[in-house]
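Please open the structure in your viewer and keep the selection tool at hand.

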Amino acid sequence: MKIGVLTSGGDCPGLNAVIRGIVRKGIRAYDAEFVGIRDGWRGLLDDDMFDMTMLDVRGLSGRGGTILGTSRTHPYEDGGPERMREVMAAHGIDSLIAIGGEGTLAGASRLVREEGLHVVGVPKTIDNDLGNTDYTFGFDTAQSIATEAIDRLRTTAESHHRCMVIEVMGRNVGWIALHAGMAAGAHAILMPEFPVSFEQISAWVRSARDRGRAPIVVVAEGFIPEGLDSQVADQGVDNKGRVRLGGIANYLAPKIEEITGIESRATILGHLQRGGSPTAYDRVLSTRLGMAAADLAQHGHWGKMASLKGTDIVSVEMSSAVDSLKSVPLHRWEEAQVLFG
């Protein structure tokens, strides 16, 4: 079997480890051949690819980013499925492994369901917002980077008796904020799932200050304060029409200072959370998911994706990953609040 491999959507640590797991398992277990498709669906539509061997994936488990490149090209652009069939036939490609998040897996699932293309998936996002998998690779690295950043900001906050407002990624879910905030001992964690008033935020900040602490507020980029209808920082949209998030920390810090009188500073971690080497956990998870994806392709389980359930890697429907957003549940929010203030 000849298998095309692509990475699509936002990059994250662990993509290269997935590619390595796919290629090594496919060649050693099944004597499969592999084609690396450059820049996601764009490479398939533009016939931009290369033969990929074990030599091409050596030493990749600890390397961030993706050697294949990525883009947000939609699979139904520029000729869509018909063009894909043409390119796949020209290269003798039997099937595809698509590594990506919500948009990638939704598109891949549609290609299987409506077009009959042979595609399996691997769930990827630092946001951890995909359904039917306990965790996605990239999330552990992102929360670890955020935790280290908060630890560093705490020492300067304590030196100057300031409040620090740290903004993390996550789009419309608060998993990174929740985990990094809990790990770093934040005095308030603000997430899109649960609106909070300025009065409550200020009460938590004052409580921390009154105990002799430098208040630490961790906020997810998609957080909307109670009483507002939308994100306060209008960053416009990208070239694919996706809303750009970022800037809520710059809005909150002066508000907190105005209400509490505590000098406050904002830090936006941004793309730092996407870059660099993956954690050991993400390297192992990525490798296992990649090897499982090679199995799915070899056995013709089209429309399936590799998924983490507990400590096991299992096969589930790709469509189930994008049926609904995996938000932070209420009980996790209630659990965390005892730590605030």
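A nonpolar core is a set of buried Ala, Val, Leu, Ile, Met, Phe, Trp, Tyr and Cys residues joined through side-chain atoms within 4.5 Å. Buried means under 20% relative accessible area, exposed means over 50%, and partly exposed is in between, with a 1.4 Å probe and protein chains only. The model is predicted: local features need pLDDT of at least 70, side-chain atom pairs count only at pLDDT 80 or more, and totals for chains, interfaces and linings use all residues. Residues are numbered from 1 along each chain as its sequence is written, and side-chain values use heavy atoms, with hydrogens and water left out.

**Stop 1: the cores**

Select I97, I99, F137, V165, L190 and L252, the residues with the most contacts inside the largest nonpolar core, which has 77 residues. Helices (H or I, at least four residues) and strands (E, at least two) are DSSP runs, numbered from the N terminus.

What is I99 in contact with, leaving aside its neighbours within four places in sequence? Contact means heavy atoms within 4.5 Å. The partners of I99 include V5, L6, L15, V18, I19, I22, V122 and F137, and also T104 and K124.

Next select W41, L44, L96 and A108, which are included in a second, separate core of 24 residues. In soluble globular proteins, nonpolar side chains tend to be buried together.

**Stop 2: helix 1 and helix 10**

Select residues 15-30 for helix 1 and residues 280-298 for helix 10; their axes come within 7 Å and cross at roughly 45 degrees. Axes are lines fitted to C-alpha atoms, for helices over the stretch in contact, and angles run from 0 to 180 degrees between N-to-C directions. That angle makes helix 1 oblique to helix 10. Angles under 35 degrees count as roughly parallel, over 145 as roughly antiparallel, 65 to 115 as roughly perpendicular and the rest as oblique.

Helix 1 passes helix 10 in a right-handed crossing. A crossing is right-handed if the near helix is turned clockwise from the far one by less than a right angle, and left-handed if anticlockwise. To see the contact, show side chains on both helices: among the residues that make it are A17, V18, I22 and Y30 of helix 1 and M291, A293, A294 and Q298 of helix 10. The contact residues divide into seven nonpolar, six polar and four charged. Here Ala, Val, Leu, Ile, Met, Phe, Trp, Tyr, Cys and Pro count as nonpolar, Asp, Glu, Lys and Arg as charged, and the others, Gly among them, as polar.

Stay on helix 1 and pick G26. Is G26 buried or exposed? At 1% relative accessibility, G26 counts as buried. G26 touches D31, A32, F34 and A294, not counting residues up to four places away in sequence. Its C-alpha atom is separated by 9.0 Å from that of A297, 271 residues apart along the chain.

**Stop 3: two loop residues**

Move to D31, in the loop between helix 1 and strand 2 (33-37). D31 is exposed, with a relative accessible area of 63%, and its phi is near 55 degrees, a positive value in a residue other than glycine.

Then go to D78, in the loop between helix 3 (54-57) and helix 4 (80-91). Phi of D78 is near 50 degrees, again positive in a residue other than glycine, and D78 counts as exposed at 56% relative accessibility. Most residues other than glycine have a negative phi.

**Stop 4: helix 6 and helix 7**

Residues making the contact include F139, A142 and I150 of helix 6 and W175, I176 and H179 of helix 7. By class, the contact residues are nine nonpolar, three polar and two charged.

**Stop 5**

Select V205 in helix 8 (residues 198-210). V205 counts as buried at 1% relative accessibility and touches C163, P215, V217, I256, T260 and I262, not counting residues up to four places away in sequence.

End at S320, in the loop between strand 11 (312-317) and helix 11 (330-337). S320 counts as buried at 18% relative accessibility. Leaving aside its neighbours within four places in sequence, S320 is in contact with G131 and N132.
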